[in-house]
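Biologist: Can you take me through this one? I'd like to ask things as they come up.

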Amino acid sequence: MSKDKKTNPKKPKINPYWIYGGAIAIFIAVNIFGGGFGTSKNRDTSADQFFEYVSKGDVKQVDVINRRIAHVYLTKKAEQKEIHKASAAKSTLLSASKAPNYSFEIGDLQNFEIKLDKAKSNIDAPVKVTYSTEENPWAFIINLLPFILIIGVWIFIMRKMSGGAAGGGPGGQIFNIGKSKAKLFDENKEVKTTFKDVAGLEGAKEEVQEIVDFLKNPEKYTNLGGKIPKGALLVGQPGTGKTLLAKAVAGEAKVPFFSLSGSDFVEMFVGVGASRVRDLFKQAKEKSPAIIFIDEIDAIGRARGKNAMSGSNDERENTLNQLLTEMDGFGTKTNVIVIAATNRADILDKALMRAGRFDRQIFVDLPDVRERKAIFKVHLRPLKKADGLDIDFLSKQTPGFSGADIANVCNEAALIAARNGKKEVDKQDFLDAVDRIVGGLEKKNKIITPEEKRAVAFHEAGHATVSWMLEHAAPLVKVTIVPRGQSLGAAWYLPEERLIVRPQQMLDEMCAALGGRAAEKIIFDKISTGALSDLEKVTKQARAMVTVYGLSDKIGNLTYYDSSGQNDYGFSKPYSEETAVIIDKEISDIIENQYQRALNLLEANKEKLTELAEVLLEKEVIFKDNLEQIFGKRPFEKDNINTQEEE
Ligand code: ADP
Ligand code: ZN
């Protein structure tokens with residue numbers, strides 16, 4: 001590929017500073033030594049003086065050079081005169097043949113000739129006048145000087161853009177702008193991280209294990225005609241161990257690890273990002289098999305085409321396009337796997353997720369109690385901790401903490417203990433450290449108070465209970481009160497794959513979605529804003545029942561849906577005001593009925609609901625088994641594949 005040439009480090013280096021230096025040196029040299037160019041050199045006499053010499057008959061010959069300078073040769077007799085002694089001596093000194101005795105600038109040539117004729121008219125001896133043009137050897141370079149400078153600047157810019165020159169010397173740093181900033185950890189030296197260092201994250205580890213396999217024995221897969229995946233996307237909040245996990249993959253597979261942040265690609269110089277991407281992939285290919293880790297990929301991977309007005313956006317798009325090109329470019333044998341991390345998978349350009357790119361998405365959640373305990377164990381290893389330190393207690397005290405926060409707690413506790421002159425780190429040091437970290441975190445991270453946590457637990461337990469009780473509601477897989485993204489808790493369901501949905505199924509689902517708020521109402525007699533997304537979902541569903549699917553008796557068998565997509569009924573509704581009132585009433589009735597139904601169901605099962613919430617508070621994550629223990633086997637169970645998630 002031709003673009004590779006530009007980045008070939010073995011290419012002889014031309015440091016543009018040399019060009020500048022050279023140009024300046026030439027300029028100076030020309031001025032000092034380049035006779036005939038400057039003004040200082042040829043004034044060893046003046047025109048007036050010269051005409052006087054002529055009128056005295058001292059001048060034998062005048063050579064006019066380039067119509068500007070006169071070289072004056074004296075007669076033999078004149079050279080003997082006292083006033084010309086010095087010039088005669090100089091003339092013979094400088095050159096054995098004839099060198100001019102005097103030189104001077106003539107000014108206007110016509111004027112000079114008139115004056116010369118006048119001066120000659122008084123004497124008998126002829127004065128020979130010759131005209132010639134003499135090439136100044138420096139003039140050529142001087143004429144080229146502007147071009148040399150322009151070319152120098154041009155080379156400078158080109159190199160910066162293409163990221164080529166690995167210039168040595170003082171300029172080196174600047175000319176590396178287009179080079180990738182990736183830190184390389186060589187397999188022998190740096191990457192010692194293995195899966196042992198990554199606590200918890202069982203699911204994620206299992207998924208990346210596959211990547212380790214690919215890197216270790218690619219033949220196993222390629223022999224069967226399979227394609228090695230090119231990329232995996234780790235999605236999760238900051239500090240949840242995404243970098244750690246990627247590094248562990250490199251460590252397990254014993255391959256080099258290139259690490260770079262998305263924001264490193266985006267510089268103020270146009271074209272730099274793209275060339276950095278090129279360079280990074282080139283380096284990685286040379287070391288293949290290898291792992292490229294791009295942190296904060298959202299810095300370059302944000303969906304294209306929005307804000308097309310701003311220039312920086314174009315630059316980011318170029319970078320993204322280059323990344324896509326590179327990922328498409330490497331063949332099955334290249335064996336470079338790109339792992340990227342983000343906490344905003346939703347804003348990424350869809351092109352990134354396409355098959356053959358980051359088609360694997362691995363979620364890295366905030367750790368639950370068990371995982372926090374495991375993470376504590378990892379980070380307590382190097383500490384001198386007091387005997388009998390209760391790790392369970394510590395993990396319970398740290399809801400909402402990420403892996404990085406826990407690492408921080410351990411370190412901070414050690415520092416606090418040292419400050420107090422202790423020999424070992426004890427429980428109180430950890431509690432102080434937690435306080436300190438929570439204080440620091442509150443601004444950037446959300447930390448849940450125990451009270452909020454209780455509310456979330458009952459809310460989620462409400463969803464779980466209602467969906468367990470209703471035949472057509474999707475069965476539950478997992479409920480968690482570990483905060484994740486914008487939500488404080490979540491429940492995963494196994495929705496049935498249905499092609500036709502009956503009204504009863506929709507109603508059951510709405511009832512389950514309202515179960516969260518209903519539980520809050522029953523237990524605390526208070527409702528909260530936590531049900532926003534539930535309400536949004538339910539409202540949309542009810543509106544669709546009435547206006548799209550024709551499932552409401554009052555409106556009847558008609559739809560206001562337009563499949564051509566040409567009418568979105570911005571301000572003008574396709575129905576009358578009276579119908580609008582009926583529709584609104586229908587929607588509200590449907591929702592209220594289901595809410596009431598959820599309330600009744602939960603009221604009847606209040607103990608079980610409470611029991612479930614308590615289990616959830618303790619474990620933070622519960623699965624189907626836990627529900628079965630409380631409610632007994634679900635009578636209408638079918639197994640399915642898809643999971644769907646709900647707040
Ligand atoms: P991210 O890339 O998701 O922002 P990092 O991987 O940089 O997070 O994590 C920062 C630090 O937090 C790690 O170096 C490690 O010390 C600690 N950490 C995070 N998650 C874990 C985990 N699951 N097990 C052990 N340590 C962790
Ligand atoms: Zn909810």
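Biologist: Is Gln61 buried or exposed?
Modeller: In this predicted model, Gln61 is buried, with a relative accessible area of 8%. Buried means under 20% relative accessible area, exposed means over 50%, and partly exposed is in between, with a 1.4 Å probe and protein chains only.

Biologist: Before we go on, what should I know about the numbering and the cut-offs?
Modeller: Residues are numbered from 1 along each chain as its sequence is written, and chains are lettered from A and ligands numbered from 1 in the order in which they are written. As the model is predicted, local features need pLDDT of at least 70, side-chain atom pairs count only at pLDDT 80 or more, and totals for chains, interfaces and linings use all residues, while side-chain values use heavy atoms, with hydrogens and water left out.

Biologist: Which strand is Gln61 in?
Modeller: Gln61 is in strand S1. Strands (E, at least two residues) and helices (H or I, at least four) are DSSP runs, numbered from the N terminus.

Biologist: What does the side chain of Gln61 make a polar contact with?
Modeller: With the side chain of Asp63, at 2.8 Å. A polar contact is a pair of N or O atoms within 3.5 Å; within protein, one must be able to donate a hydrogen and the other to accept it, and residues adjacent in sequence count only if both atoms are side-chain atoms.

Biologist: How many residues of S1 are buried?
Modeller: Six of the seven residues of S1 (residues 59-65) are buried, so the strand is largely enclosed by the rest of the structure.

Biologist: And which strands does S1 pair with?
Modeller: S1 pairs with S2 (residues 69-74) in the antiparallel sense over six bridges, and with S4 (residues 128-132) in the parallel sense over five bridges. Two strands pair if DSSP finds at least two bridges between them. Val64 has Ala70 of S2 as its bridge partner, and Asp63 has Thr130 of S4.

Biologist: Switching to ligand 1. Which residues are closest?
Modeller: Ala199, Gly239, Lys242, Thr243 and His379 are the closest of the 17 residues that surround ligand 1. A residue is near a molecule or strand if one of its heavy atoms lies within 4 Å of it.

Biologist: What are the distances for Lys242 and Thr243?
Modeller: A polar side-chain atom of Lys242 is 2.8 Å from an oxygen atom of ligand 1, and for Thr243 a polar side-chain atom lies 2.4 Å from an oxygen atom of the ligand.

Biologist: Which helices supply residues of the shell?
Modeller: H10 (242-253), H16 (369-380) and H18 (403-419) each supply at least two residues.

Biologist: One more strand, S7. Which way do its residues point?
Modeller: Phe257, Ser259 and Ser261 point one way, Phe258 and Leu260 the other way, and all are buried. In a regular strand the side chains alternate between the two faces of the sheet.

Biologist: What does S7 pair with?
Modeller: S7 pairs with S8 (residues 290-295) in the parallel sense over five bridges. In S8, Phe293 is the bridge partner of Ser259.

Biologist: Last one: where is Ala518?
Modeller: Ala518 lies in helix H21 (residues 503-524) and is buried, with a relative accessible area of 0%. The C-alpha atoms of Ala518 and His463 are 8.8 Å apart, with the two residues 55 residues apart along the chain.
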